[in-house]
Amino acid sequence: MRIMRRMFRAIFTTASGLTQDKGATVQLEEMIRNILLVNMGDFEDYEENVPDHFHNSKWPNPRQRNNRPTGKDEALVWFMDFYQEDIAEQVDVRRLNKRNRFVRVKVRGKFRCHQCGKGWKSNMAWLSFDIKTQEVSRMYGQKCSNCKDFYSKPFPFFYSEHHWKFDGTTPWRDVVTKAIDFFVKKQSHSYDLNDQGDDVARDVEDDENWNTVIEDTGDGPHDTELCQMCQFLKRPCVRRRRNN
């Protein structure tokens, strides 16, 4: 598995250096990442090894209380153990300090207003992971466009798309592996880990049509006034941070 990772990292480094198109670079990285996951499956099919109860549980597990973790997320613990050799190549998790132990992940989430009952989906739902404690440290909410009174947190997620109640949100399996992937990249890339926006910047696209309405897909519009992450960052979460 480590050999495959090194090979694809080398391919990406070489290929990305041949283009100045940021959009093409992002697409290339995603394509290589997907190929890597397929090839990793040829060597170690983790789906055959995950605990059976993962498929029937809702995530994060254990659930948060008052938007605070109540324990280590079982899936994050399991996948970090599964990829421990790859993680150890980049960092000693035990020695992580407060500056670089957190990573934020953008996912497709489902929300419902507890006041008026309106439901919606968004591709701009954000979760924060504490890799050192292996917890979901925070789930960022969104306000209802009708009530605009409070932030509703995302519905619990399903482990995979095969659950009989699957609602089209990002499978927790993908959420967790994405968080680990971003975390490893944070250790291997030479950018400022003190910048709170860095991990966000690497999970958004420079899409000129980000605010176009696409009905019933969760793609838009994204109202920054209703998004807790946008308010936290004091800028649209869908835009990369511009260097001064």
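The legends below describe close-up views of a predicted model. Local features are given only where pLDDT is at least 70, and side-chain atom pairs count only at pLDDT 80 or more, whereas totals for chains, interfaces and linings use all residues. Residues are numbered from 1 along each chain as its sequence is written, and side-chain values use heavy atoms, with hydrogens and water left out.

**View 1. Phe82 and Tyr83 form an aromatic pair.** Rings of Phe, Tyr and Trp (its six-membered ring) pair if their centres lie within 6.5 Å; planes under 30 degrees apart count as stacked, over 60 as edge-to-face and the rest as tilted. By this rule the model has ten aromatic pairs. Trp78, Phe79, Phe82 and Tyr83 form one aromatic cluster.

**View 2. Phe129 and Trp172 form a tilted pair.** The ring centres of Phe129 and Trp172 are 5.9 Å apart and the planes are at 40 degrees, so the pair counts as tilted. Phe129 lies in strand 3 (residues 119–130) and Trp172 in helix 5 (residues 172–188), so the pair ties together parts that are 43 residues apart in sequence. Helices (H or I, at least four residues) and strands (E, at least two) are DSSP runs, numbered from the N terminus. Phe129 is buried at 0% relative accessibility, and Trp172 is buried with a relative accessible area of 0%.

**View 3. Confidence is lowest in helix 6 and highest in strand 7.** The predictor's confidence in each residue is given as pLDDT, from 0 to 100. The mean for the protein is 76, and 66% of its residues reach 70 or more. Helix 6 (residues 198–201) has a mean of 41, and strand 7 (residues 157–158) stands at 97. Over residues 190–218 the pLDDT stays under 50, and the model has 63 contacts for this stretch beyond four places in sequence (a contact means heavy atoms within 4.5 Å).

Key:
Buried means under 20% relative accessible area, exposed over 50%, partly exposed in between (1.4 Å probe, protein chains only).
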